[in-house]
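Subject: A structure for you to explore

Hello,

Here is the structure I promised to pass on to you. Please open it beside this email and follow along as you read.

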Amino acid sequence: MNASYSWLKAYVPDLSCDGQELFDALTLSGTKGETWRRLDKNLEKIVVGQVKEIKQHPDADKLVVCQVDIGTEVIQIVTGAQNLFEGAVVPVVLSGGKVAGGHDGGPLPENGIPIKAGKLRGIESNGMMCSIEELGCDKNLFPESNPEGIHIFREKDGLPAIGSDGVEAMGLKDSLFDFEITSNRVDCYSILGIARETAATFRLPFVKPAVTLHETDQKASDFISVEVQDQDLCSRYCARVCTDITIAESPKWLRDRLRSCGIRPINNLVDITNYVMLEYGQPMHAFDLDTVAGHKIIVRRAKDGDTFTTLDGEKRTMDHDVLMICDAEKEIGIAGIMGGENSMITEGVKTVLFEAATFNGPNIRKSAKRIGLRTDASGFFEKGLDPANAEAAINRACALVEELGCGKVTKGIVEAGQPFAREKRIPLEPDRINALNGTSISREEMIEILNREEVPVEGDTIIVPSFRQDLNEMCDIAEEIARFYGYDKIPMTLPKSSATMGGLSWKLRVEEVLRETARHAGFSQAYSYSFESPRVFDMLCLPADAKEREAIRISNPLGEDFSIMRTIPLNGILTSLSTNFNRRNKDVRLFELGNIYLAKSLPLTELPDERMQLTIGFYGEGDFFVMKGVVEELLDSISLLDRTEIASCEDEQRKSFLHPGRQAGILISQGKEQLPAGYLGELHPAVAANYGLKGRVYVAVLDLPVLVERAGFDHRYQGIARFPAVTRDLSMVVPKEIPAGDIEKMIRQRGGKTLESVQLFDLYEGEQIGEGFKSMAYSLSFRNMEKTLSDEEVQGTMKKILNGLGSMNIELRS
């Protein structure tokens, strides 16, 4: 928010500090200043002069020699400006002075440009007449000045006295401040709001602008009617009518104030709406009433697919969530964003309809983003404005119409919308406020501080004005008291509350353990976008009817490559592996913790299911069993390995992006059920080729919601065994279709409590084994923690194991 010192002083007349003091004081009281600068920086020895005589330079066709009266004397200046004439009143920098910049309008040098007397083509020149750029100003903000020549003061603006201060005559004896306003302080997005803060900070009177109207006998309601059909998006709409309009240039004081905030003056009507937007923080719009069909305003939602041409000449497509300002036949403006080309103000306008309204802030922000049009007005509206401010602002605009002599104001306001909400009331609790702030401020002083902010107190109740939407409870009042009492005056005290111990949630603890385990296994963490391209599904060779293709589309994507929410986590890891492969990095291991987004229905009717996935992938040294070992280590770190089965997938469960013969599912047992918790395998060669990966690539995905609910960190201490273990080896002929996991499951099931470990140490297939069979050898270790096992006990257990294996058509190898 920009504000000039002179504009603030208009409402705080007794303000007498310098710019730095104002900047520091407002920052300390909570209105944080970003930057400030003097508009007269590096402007020295500049006076008002009048050109008395112009002669051609004897040795240069493009130069003229001017005699310039500067009040105390007439000096000679040589210039190349072509817009001068005898009698022209201009700013003149004398020899020994400075200007802020060059005529080219480039960046301003830090220390300005010194000017000294010299000769141009042999003719003495004792100063320089200044252009807008040389005075440090933007020529685009001075449409009345010749952009290619010297700035000439105009008689219609009132000619300054010859020899007077040229900087002051230009309106540059001023300072400009840029404040960082938090989004909850909507009242401070206005000059009046900053002025109110300034008055409260310096304990000075705050004087609002006088708004006096001399209305005609004609009623505004005879010219216009207003209907708000969607009051959830427009809580208040105010309209006033001005007749006998004359379009002209605004007076210099108004143009100077607009320029100080970086706004280019246009004409009196446009300047009035811009001025009120800055002064009151209330955007307004002006319609040519003669273009409003039926002299009726209807505020309603647009229809899907409607097109509308805005003031900038662009045709834009609307949807049903965009609020429109319409007349009896057509749309004439996008509410809170920009008016329409079909109702714009032209030079021939005779009757003007002023609009001031309060629109739903979030809707304006979303609408502006969807249609790709963000304006100064939408920037104000999206913060949520005070409904009461609309009437004050529109009355101020009409008062300026009268003051500038550009029209007459009809009687009354035509308005529609919701009734005002009752003013909030908060108890004044001095003891609680002092306890919270660590102060000992009296009740009377608290009331005095609140009154300085125009927050009245009745008895023990604070009446919160509608413009202070940020005041909701006692802690907000305590902040107001503290910042105007002075943070620097609050004594240092120790905190009175007891310390509490923070900690991670269960989900975050599980994720952290998995993260550390993956790092310990040699994997580096990667991060990738949740937004992806629909082409990912084709790169992963997913079938056309795959459920993963049912992705949520982004309504305003950055581009096609970021247009959907991911439903499968592999693309990010594979893209990162591909990048590393292309850069010739060897043996790369990566993992990622990230969400996938599964829609419960499309189009969305409720929030999607966001499921955190642990994705790991590597290429280089390692194979399928290395990946299997990493997965087992991850599951063991959260006490789930004993409940996990890694088994080959059934046909309907196979992943099309994995090698058909080198993939497995991860199942977690829960009672008699087995829940899918992920998968692992070798990447399908076609998918690897799509990502530019050569050689074998292995990936695994763990579905964390399944794991987190069943994870644990309870580890039982088991002492060092005092009794010896007994080992037995089993060499078996096994049908090929029986996986090792089923064999181990049977051995552990029949082995009982004394079976300590099962280890596969040999696997053989060849001529010595019959076709359709394989040889497998296991080492079994038995131990009783309370006694030495006898041979008979071990033999009994082995018999149970062999009987179980026999039921699977497994035979001992002789």
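**What I found**

Let's start with isoleucine 54, which sits in strand S3 (residues 44–56); helices (H or I, at least four residues) and strands (E, at least two) are DSSP runs, numbered from the N terminus. Before going on, please note that this is a predicted model, in which local features need pLDDT of at least 70 and side-chain atom pairs count only at pLDDT 80 or more, while totals for chains, interfaces and linings use all residues. Residues are numbered from 1 along each chain as its sequence is written, and side-chain values use heavy atoms, with hydrogens and water left out.

Buried means under 20% relative accessible area, exposed over 50%, and partly exposed in between (1.4 Å probe, protein chains only). Leaving aside neighbours within four places in sequence, isoleucine 54 is in contact with Val64, Val65, Cys66, Leu84, Phe85 and Glu86, where contact means heavy atoms within 4.5 Å. Cysteine 66 is 12 residues away along the chain, and the two C-alpha atoms are separated by 4.6 Å.

Next, look at threonine 517 in helix H13 (residues 506–520). Threonine 517 counts as buried because its relative accessibility is 12%. Not counting residues up to four places away in sequence, threonine 517 touches Glu633, Leu634 and Ser637. Aspartate 636 is 119 residues from threonine 517 along the chain, with 9.7 Å between their C-alpha atoms.

Now move to glutamate 765, in the loop between strand S37 (755–764) and strand S38 (773–782). With a relative accessible area of 45%, glutamate 765 is partly exposed. Residues up to four places away in sequence aside, glutamate 765 touches Lys736, Phe773 and Lys774. How far apart are glutamate 765 and leucine 108 in space? They are 84 Å apart, C-alpha to C-alpha, and 657 residues apart in sequence.

**Backbone details**

Arginine 203 has a positive phi of about 55° although it is not a glycine. Arginine 203 lies between helix H4 (191–202) and strand S12 (225–228), and is partly exposed at 44% relative accessibility. Cysteine 541 is not a glycine, but it has a positive phi of about 55°. You will find cysteine 541 in the loop between helix H14 (535–539) and strand S29 (564–565); its relative accessible area is 32%, so it is partly exposed. Finally, leucine 602 and proline 603 are joined by a cis peptide bond, with omega about -5°. Proline 603 is in the loop between strand S30 (589–598) and strand S31 (609–619).

Helix H19 (residues 740–751) and helix H20 (residues 791–806) have axes that come within 8 Å and cross at roughly 145°. Axes are lines fitted to C-alpha atoms, for helices over the stretch in contact, and angles run from 0 to 180 degrees between N-to-C directions. On the H19 side, Ile743, Met746, Ile747, Arg750 and Gly751 meet Thr797, Lys800, Ile801, Asn803, Gly804 and Leu805 of H20. The residues of this contact divide into five nonpolar, four polar and two charged. Here Ala, Val, Leu, Ile, Met, Phe, Trp, Tyr, Cys and Pro count as nonpolar, Asp, Glu, Lys and Arg as charged, and the others, Gly among them, as polar.

**Spaces inside**

How many cavities of 30 Å³ or more does a search of the whole structure find? The search finds one. On a 1 Å grid over the protein atoms alone, a cavity is a set of points where a 1.4 Å probe fits but cannot get out, and a pocket is an open set with protein on both sides within 12 Å along at least five of seven lines; lining residues have an atom within 4 Å of a point. The largest cavity holds about 40 Å³ of space, a volume being the space filled by probe spheres set on the points, with grid points joined across faces, edges and corners. Its lining includes His103, Glu133, Lys139 and Phe142.

The second largest pocket holds about 820 Å³. Of its 30 lining residues, Thr273, Asn274, Met284, His285 and Leu311 lie nearest its centre. The largest share of this lining, five residues, comes from H6.

Enjoy exploring!
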